[in-house]
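This report walks through the local features of one protein chain. Keep the sequence and the 3D view open while reading.

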Amino acid sequence: MNFFRAAWRSVRLVGMFARAGAELVVTRPATREQRAAWLHRFCARAMRGLKIEIDVSGSFPTRGAVISNHLSYLDIVVYAALHPCVFVSKAEIKSWPVVGWMTTMSGTVYVARGHGGSAMKAREGMQAAVDAGLPVVFFPEGTTTNGSGMLKFHSGLLAQAIDGGAPVTAAHIRYGFREQNGPDVSVADDVCYWGDRDMLGHIFTFLGLRGVRAEVLFADEPIEFSSDALHRKQAAIEARAAVTALATAHPLGEKNE
């Protein structure tokens with residue numbers, strides 16, 4: 001990790017947030033479509049500015065739900081950079097300084113995990129986004145991992161999407177390096193964000209990396225579940241299998257592991 005590169009990119013990132021925040025204040029996007037378009041522009045600029053390359057296999061679904069594995073805060077930026085969409089996220093993010101305000105303004109649907117009926121309450125927001133013609137992206141694992149394996153999928157939000165009649169498409173995200181970053185640098189520790197790590201410290205380290213690339217895989221067709229939303233546990237198992245199958249079918253070679 002190069003300290004000076006990290007410091008310079010930190011300054012640039014602050015400038016990007018300032019520009020995006022000013023755009024929100026001035027334009028005050030009122031519709032879900034306008035908010036999703038704002039987030040898309042901001043994230044696309046951020047990826048270009050940080051020189052993060054995104055490779056895509058398949059097509060981003062234009063409607064319905066998109067489910068993915070979850071490795072980092074970067075996942076949200078990558079997906080939003082590819083296509084205007086709405087995210088379903090944990091409610092804690094809403095209270096974060098600056099970021100919370102921006103995610104709220106972008107139309108994020110919040111879920112208070114561990115609270116009874118939270119998934120049901122989120123359904124209204126998800127359905128409104130689908131009705132507006134926007135894909136809804138969420139991460140059924142409920143938390144991030146280091147990419148060594150996927151956790152079991154929670155069934156709450158998935159059941160709401162199925163019950164609402166939305167097609168559910170599997171996606172898979174992973175990261176690699178186009179350039180060497182040294183023997184002590186790895187995707188698992190320096191790109192993926194998981195566990196009890198300090199977020200600001202991790203972001204600073206990440207900004208000092210060279211040649212980061214993301215690969216996003218989309219299934220060709222929505223998942224054909226063998227049961228309806230009433231059999232939510234089985235649906236979660238089948239959804240996880242669909243996401244896993246994408247990674248298995250498309251191996252990725254990395255310079256740094």
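Just after α6, Gly 165 takes a positive phi of about 85°. Helices here are DSSP runs of H or I with at least four residues, strands are runs of E with at least two, and both are numbered from the N terminus.

The model is predicted: local features need pLDDT of at least 70, side-chain atom pairs count only at pLDDT 80 or more, and totals for chains, interfaces and linings use all residues. Residues are numbered from 1 along each chain as its sequence is written, and side-chain values use heavy atoms, with hydrogens and water left out.

How enclosed is α6 by the rest of the structure? It is largely enclosed, because 7 of its 8 residues are buried. Buried means under 20% relative accessible area, exposed means over 50%, and partly exposed lies in between (1.4 Å probe, protein chains only). The buried residues of α6 are Gly 156, Leu 157, Leu 158, Ala 159, Gln 160, Ala 161 and Ile 162.

Rolling a probe the size of a water molecule over the atoms shows where empty space is left. The structure holds 2 cavities of 30 Å³ or more. A cavity is a set of points, on a 1 Å grid over the protein atoms alone, where a 1.4 Å probe fits but cannot get out. Grid points are joined across faces, edges and corners, and a volume is the space filled by probe spheres set on the points. The largest cavity holds about 70 Å³ of space. Its lining residues, which have an atom within 4 Å of a point, include Gly 64, Ala 65, Arg 123, Met 126, Gln 160 and Ala 161. Two elements give two or more residues to this lining: α5 (118-131) and α6 (156-163). The largest share, 4 residues, comes from α5.

**Aromatic pairs**

A search of the whole structure finds 9 aromatic pairs. Rings of Phe, Tyr and Trp (its six-membered ring) pair if their centres lie within 6.5 Å; planes under 30 degrees apart count as stacked, over 60 as edge-to-face and the rest as tilted. Two of the pairs are set out below.

| Pair | Centre to centre | Angle between planes | Class |
|---|---|---|---|
| Trp 38 and Phe 42 | 6.0 Å | 15° | stacked |
| Phe 60 and Tyr 79 | 6.4 Å | 85° | edge-to-face |

Trp 38 and Phe 42 both lie in helix α2 (residues 32-49). They are 4 residues apart, about one turn of the helix. An α-helix has 3.6 residues a turn, so residues three or four places apart point the same way. Trp 38 is buried, at 1% relative accessible area. Phe 42 is buried too, at 9%.

The edge-to-face pair of Phe 60 and Tyr 79 links distant parts of the chain, 19 residues apart. Phe 60 sits in the loop between β1 (53-57) and β2 (65-68), and Tyr 79 in helix α3 (residues 74-82). Both Phe 60 and Tyr 79 are buried. Together with Phe 139 and Phe 218, they form one aromatic cluster.

Elsewhere, a charge meets a ring. Arg 197 lies over the face of Trp 194, at 4.4 Å from the ring centre. The criterion is NZ of Lys or CZ of Arg within 6 Å of the ring centre and within 35 degrees of the ring normal.

**Two buried residues**

Ser 68 is in strand β2. Ser 68 is buried, with a relative accessible area of 0%. Its side chain makes a polar contact with the side chain of Asn 69 (3.3 Å). A polar contact is a pair of N or O atoms within 3.5 Å; within protein, one must be able to donate a hydrogen and the other to accept it, and residues adjacent in sequence count only if both atoms are side-chain atoms. Leaving out residues up to four places away in sequence, Ser 68 touches Tyr 79 and Phe 139, among others. Contact means heavy atoms within 4.5 Å.

Ala 80 lies in helix α3. Ala 80 counts as buried, at 1% relative accessibility. Beyond four places in sequence, Ala 80 touches Leu 39, His 40, Cys 43, Cys 85 and Phe 87.

**Positive phi in loops**

Arg 28 has a positive phi near 45°, in a residue other than glycine. Arg 28 is in the loop between α1 (3-27) and α2. It is partly exposed, at 48% relative accessible area. Lys 51 also has a positive phi, about 60°, although it is not a glycine. Lys 51 is found in the loop between α2 and β1. Lys 51 is exposed, at 57%.

How values were computed:
On a 1 Å grid over the protein atoms alone, a cavity is a set of points where a 1.4 Å probe fits but cannot get out, and a pocket is an open set with protein on both sides within 12 Å along at least five of seven lines; lining residues have an atom within 4 Å of a point.
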